[in-house]
Amino acid sequence: EPKFSIKEVMKKGHVPPKSSLVSKVIKGEASAEEKKLLVEMYTALDESEPPKGDKADWKKLTKTLLDAAKALEGGDDGAREKLNEAVNCGNCHRGHKG
């Protein structure tokens, strides 16, 4: 069982969009603890079953988020752009939102 539900990840990590946890991480304003929390939330997403849609596509999308968040947590500032590109709400919502 994942540590966070998909709904919790969206509420805690992505809402509101301009001042969310993921936005802070992308902008370089997040603490080490906040970066760790984002990795934990994206790990939970990656472990979750999509509410609908292709499971392989879900894994591809969540793995991209998780890999970029892990890279940023590890100090790779170049991963900001990768995370910013991966956080495309429409990609996930169109194919997987229940």
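Predicted model: local features only at pLDDT ≥ 70, side-chain atom pairs only at ≥ 80, totals over all residues.
## Overall dimensions

## Fold and packing

The protein chain contains 6 helices and 0 strands, so that its pattern along the sequence reads α-α-α-α-α-α. Of its 98 residues, 34% count as buried, and among contacts between residues at least 6 apart in sequence, 59% join residues at least 24 apart. The protein chain exposes about 5900 Å², of which carbon and sulfur atoms supply 52%.

## Charges and salt bridges

The protein chain carries 19 positive and 17 negative side chains, and the centres of these two sets lie 5 Å apart. The count of salt bridges comes to 6. One of them joins Lys24 and Glu34, with the closest N and O atoms 2.6 Å apart; this pair links helix H2 (residues 21-27), which holds Lys24, to helix H3 (residues 32-47), which holds Glu34. Lys24 is partly exposed at 27% relative accessible area, and Glu34 is likewise partly exposed at 21%.

A salt bridge also connects Asp67 with Lys63 at 2.7 Å, N to O; these two residues are separated by about one helical turn because they stand 4 residues apart in helix H4 (residues 55-73). Asp77 and Arg80 form another salt bridge, with a closest N to O distance of 2.9 Å.

Methods. Residues numbered from 1 in each chain as written. Heavy atoms only, no water. Buried < 20%, exposed > 50% of the residue type's maximum accessible area, 1.4 Å probe, protein only. Contact = heavy atoms within 4.5 Å. Areas by Shrake-Rupley, 256 points an atom, 1.4 Å probe, with all protein chains shown as cover. Lys, Arg positive; Asp, Glu negative; His and termini not counted. Charge placed at Lys NZ, Arg CZ, Asp CG, Glu CD. Salt bridge = Lys/Arg side-chain N within 4 Å of Asp/Glu carboxyl O.
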